[in-house]
Amino acid sequence: MTSRKDRLFTGCGPKTCCEQRIVEVTTADVERIATALQIPETSVCSHDPDTPGRRVLARSPDGCSFLLALVDGSRRCGLGDLRPMACRTFPCSLEQGLVQVRDDARHCECRAWSLADVDLAEERAVLEAAVAETHAQLAR
Ligand code: SF4
Ligand code: SF4
């Protein structure tokens, strides 16, 4: 069943966050997307010129490369469930073991996010999976 957070995210037409945010990707994100779409990793991400070793999701002049513009003027994520962990966990983070709404999510112009928008158990599971992927990347 689709979570309330995913329904809110999918139904947001402006997708301002996908236009403006620079999304850091993990090695697992890149491999998962490149394999599923059968595209080279260089089409998925690029190296952040300001931070050695950091890779960010590919961008076009209109924002994220995977952001789709529909004929009604709204926008959707072209990756769906394949989107990177940083997108799947947005707008939450784990702070000292607690699920919280991130400070940068409070700048969303379309929605005032709160913990009432998320299923805490489901969100914790995704956040913990994201942390595990980051740790696995650091251990490589
Ligand atoms: S964070 Fe804001 S801009 Fe992004 S999809 Fe959600 S409501 Fe829309
Ligand atoms: S992958 Fe999807 S959710 Fe993430 S920034 Fe791009 S369009 Fe938005």
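Predicted model: local features only at pLDDT ≥ 70, side-chain atom pairs only at ≥ 80, totals over all residues.
Student: Which pattern does the chain follow, read along the sequence?

Tutor: Residues are numbered from 1 along each chain as its sequence is written, while chains are lettered from A and ligands numbered from 1 in the order in which they are written. Helices (H or I, at least four residues) and strands (E, at least two) are DSSP runs, numbered from the N terminus. Read along the sequence, they give α-α-α-α-β-β-β-β-β-β-α-β-β-α.

Student: How many helices and strands is that?

Tutor: Helices and strands together make up the secondary structure of the chain. The totals are six helices and eight strands.

Student: What share of the residues is buried?

Tutor: A residue is buried if 20 or more other C-beta atoms, placed from the backbone, lie within 10 Å of its own. Among the 140 residues of the chain, the buried share is 23%.

Student: Which residues surround ligand 2?

Tutor: A residue is near a molecule if its C-beta atom, placed from the backbone, lies within 6 Å of it. Around ligand 2 these are Cys-18, Val-23, Leu-57, Cys-64, Phe-66, Leu-67, Cys-77, Leu-79, Arg-83 and Cys-87.

Student: How many residues around ligand 1 are charged?

Tutor: Asp, Glu, Lys and Arg count as charged. The shell of ligand 1 includes Lys-15 and Arg-111. By class, its charged residues number two.

Note on methods
Buried ≥ 20, exposed ≤ 12 C-beta atoms within 10 Å, placed from the backbone.
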